[in-house]
Amino acid sequence: MSADVAEEFAASLRDLGVSWSRTTREGFEETVADAVEPPAVGTELPFEGVSLAETDVTADPTPARLDAATTGVTAAAFAIADYGSVVLRPDESGTEPVSLYPERHVAVLAASDLVADMPAAFDRLAEAVERERGGGAESGGGTEGGDGTGGDAIIATRPSATADMGALVTGAHGPKTVHVIVLEDE
């Protein structure tokens, strides 16, 4: 991630009213504690040396826990700097419902997974879909749909909102607030 891309992402998040923080793997637990409003539920995070195990976030999103949660914590596959968007890949661990049902969504992102713009995002998604379908030299084969996502992705930009009722309503069909945690690469 270049400094320019990181600065653009931070500016885009500010413009959207999305809070964010940067941390190291060592500071992750303290950063999560500051970002969540309990009770919190989350999905396992795919980042080496980072876990929800020593936090107050329950990493087993049953329907009852999801219903009771104020905060949902998920990994973001990557983010788009000029839109301030995070890209979530639905999976069997519950990333999609955990990001949508609680009032607050905390998305965790590796700094190296930040791309500059939408064309770069589509290139990255195309590579992932190709890999999941068994194509590409580095894939080593695979089955259709690979990890079960079938190439699906959610591009989430700011808290959910609608103006269908005549006025802008935040959190109408998704989280009312969003916080992004950017993990520094080492």
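Two strands are taken to pair if DSSP finds at least two bridges between them, and helices (H or I, at least four residues) and strands (E, at least two) are DSSP runs numbered from the N terminus. The structure is a predicted model, in which local features need pLDDT of at least 70 and side-chain atom pairs count only at pLDDT 80 or more, while totals for chains, interfaces and linings use all residues. Residues are numbered from 1 along each chain as its sequence is written, and side-chain values use heavy atoms, with hydrogens and water left out.

Six strands form an open sheet with parallel pairing, in the order β1-β12-β7-β4-β2-β3. Because β1 (19-23) and β3 (57-58) stand at the edges, each with a single partner strand, one side of each is left without a neighbour in the sheet. The partner of β1 is strand β12 (residues 177-183), and the two pair in the parallel sense over five bridges.

Residue T23, found in strand β1, counts as buried because its relative accessibility is 7%. The side chain of T23 reaches the backbone oxygen of G27 at 3.2 Å. Leaving aside residues up to four places away in sequence, T23 touches F28, T31, I181, V182, L183 and E184, where a contact means heavy atoms within 4.5 Å.

Helix α2 (residues 28-35) lies across β1, β3, β7 (104-110) and β12, and runs at about 170° to β12; axes are lines fitted to C-alpha atoms, for helices over the stretch in contact, and angles run from 0 to 180 degrees between N-to-C directions. In α2, the residues F28, T31, V32 and A35 are buried. Seen down the axis of α2, these buried residues fall within an arc of 100° (taken from the directions from the helix axis to the C-beta atoms), so they line one face of the helix. An α-helix has 3.6 residues a turn, so residues three or four places apart point the same way. The buried residues of α2 pack against β1, β3, β7 and β12, whereas the face turned away from the buried side carries the exposed residues E30, A33 and D34.

Notes: Buried < 20%, exposed > 50% of the residue type's maximum accessible area, 1.4 Å probe, protein only. Polar contact = N/O pair within 3.5 Å; in protein donor to acceptor, adjacent residues only side chain to side chain.
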